[in-house]
Each structure stands twice: as structure tokens, then as C-alpha cells.
Amino acid sequence: MDYILHIIILINLYIILVLSANLTVGLANLMSLCQAAFYGIGAYISAYFLLQTGLPFIVITLFVILFTGATSLIVSLISIKLKGDYFLLATLAFQMIVYSILYNWVEVTQGPYGIIGIPTWWIFEFLNLSRIHNYFIVTTLVALLVIFIFQALKFSPFGRILTAIRSDELSLEALGRSPLQYKSLSFFISAGFSGLAGFLYATYISYIDPTSFTIDESIFILTALFIGGIGNIKGPVLGAVFVVLIPELFRFIGMPDAAAANLRQIIYGLALIGIMYFRPQGLMGKIVLK
């Protein structure tokens, strides 16, 4: 039972991450390779404040969201005017810089040794729940709340403007709207919620190190997004479920962990190629009639 709850917790975390990526990639048309950087910033900021201050968890959570969102301004203010591959390279550079800082700033981040003993965010303490049952409730509630927020954002005036940016940015500019302003705001929101996922991950595992927040993790998040389908809410949710469950299936056929890890990458690649060829809009994307 604990194993199943652990899988659900991971799915909930990736739902938050993939939905966050969907806001920029699926709506604002900003292909980003630094989602894991924001994920890591949220985790490390959480660890620092939880271990060094006595602030309530909810206060630290709000600070993590705002601070991580603010770090996105470093990327957006410098490179938001770039388009296509150039913006992608700028986000890749930011991802590499953040990873290097987390790995080498040993005095603050403990470098490759990581940070241990991160406190757990207990909820409904009067129920006397185990750690894993507690986080099953916490992450499920937060994931449902995030789904509701992004659903509301998609159909809000803000979401419709982001959709317009993706469809025809020049026409939106002609109507007196500033695409750059809305892109920066979408990047801020996406980064903030990625930081929230980092907070939940750090307090659940109680240990973090830089290897959890590499470029591979950013690619993993994008893979889930494209498999599920961009520009909607169901796609990222399905994509998150898919990429988390696939490696777990190998456990039931007795495959060694080393071989399973390599085979998982092959399956992700084949799935992505198949999706792009047979259903480029993703599993839950809208069918475009020709």
C-alpha cells in the first residue's frame, strides 16, 4: 500500500511540474529547458528556510513561490525578446548556471553531498498519520488545487491572451497588447509553481542534491508534456501519469534496475517519436481538421 501511495505522490508532483511547463510552452509559445532549475531553486530555498528559521510552513511556501517566480525575471528580462531556438538556448544556459551553483556553492547548498534532515510538512496532525499517508493527502490536495488554478487561468482573459500570443503575436500587438509583458508574467507563474513542487519534494524526501535538478529532468518534464498534449489541462495530467508509471511497470517483470533505467529512456524516446508522427497534438490534444 505504501508503494502505491508513493507512486501517487510522485504523480502529483509531476502534475504540478508539467502543468507549470504547459503554461509557457503550451499557451505562451515559450519553449523552455529550465523547468528543473526552478524546481531545484524551490527545493533548496525551502530547505534553507525550514532548517534555518522557525517560520510556519505556509509562510515559507508562499515565499518559495514568490522567490522562485522572481528568479524567472533573470531569464525573461534578458531573453524574453528572443524567439524560437534562441530563447531555448537562453533557458538552457540558465539551467546549466543554476545546476553549477547548486553543485559548487558548497557553503550554502552542501554541493554534491546534498542537504539532509529537511522537516516534514505535517497536515491534520490530530489524525496521527504516517509520513507517506500525510504526503499522499498533502500532494493530492495541492495537485487538485493547481489543476483548478491552471484551468481557471486557461479560460481567463489572461489565458486567452496567451493563446492569442501562440496563434498570432503580431495581431495581438496591433490590438495594443504587449506580448512581452504577458510572456514574462506566464514565465513568473510557471516558475513559481515549479518552486512549489520543489518545496513538496524536499519536505517529502527530506534530502535533496543537485542530481535531481539537471537538464535531464527538464527534458523529462517536456517529454511528459508533449506526450500528453500541450495547450490543455488533461494532457499534462495524463503525460505526468504516463512518465511516472512506465518505469514502475518494469519492477513487475523482474528487470534489473540498471537495464530498466536504460530501457525507460528508449521507451520515452519511442513514445515521443510515435506521438509526434501519429498524433502530433499529443494524446489529449485537439484534433486539427484539414
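1. A crossing of two helices is right-handed if the near helix is turned clockwise from the far one by less than a right angle, and left-handed if anticlockwise. Helices here are DSSP runs (H or I, at least four residues), numbered from the N terminus. The crossing of H10 and H11 is right-handed.

2. A word on the source: this is a predicted model, where local features need pLDDT of at least 70, side-chain atom pairs count only at pLDDT 80 or more, and totals for chains, interfaces and linings use all residues. Residues are numbered from 1 along each chain as its sequence is written, and side-chain values use heavy atoms, with hydrogens and water left out.

3. Look at H10 (residues 215–228) and H11 (residues 234–249). Their axes come within 7 Å and cross at roughly 120°. Axes are lines fitted to C-alpha atoms over the stretch in contact, and angles run from 0 to 180 degrees between N-to-C directions.

4. Which residues of H10 and H11 make the contact? H10 brings Phe220, Ala224, Leu225, Ile227 and Gly228. H11 brings Gly235, Pro236, Gly239, Ala240, Phe242 and Val243. Contact means heavy atoms within 4.5 Å. By class, eight are nonpolar, three polar and none charged. Nonpolar covers Ala, Val, Leu, Ile, Met, Phe, Trp, Tyr, Cys and Pro; charged covers Asp, Glu, Lys and Arg; the others, Gly among them, are polar.

5. Now take H3 and H4. They pack at an angle of about 145°, with axes 10 Å apart. This crossing is right-handed. Thr71, Ile74, Val75 and Ser79 of H3 meet Phe87, Ala90, Thr91 and Phe94 of H4. Five of these residues are nonpolar, three polar and none charged.

6. The whole structure has one cavity of 30 Å³ or more. A cavity is a set of points on a 1 Å grid over the protein atoms alone where a 1.4 Å probe fits but cannot get out; lining residues have an atom within 4 Å of a point. The largest cavity holds about 40 Å³ of space, the volume being that filled by probe spheres set on the points, joined across faces, edges and corners.

7. Leu19, Asn22, Leu23, Leu27, Phe150, Lys154 and Ile233 line the largest cavity. H1 (2–27) and H6 (131–154) each give two or more residues. H1 gives the most, with four. The lining has five nonpolar residues, one polar and one charged.

How values were computed: 1 Å grid on protein atoms, 1.4 Å probe; cavity = no way out; pocket = protein on both sides within 12 Å on 5 of 7 lines; lining within 4 Å.
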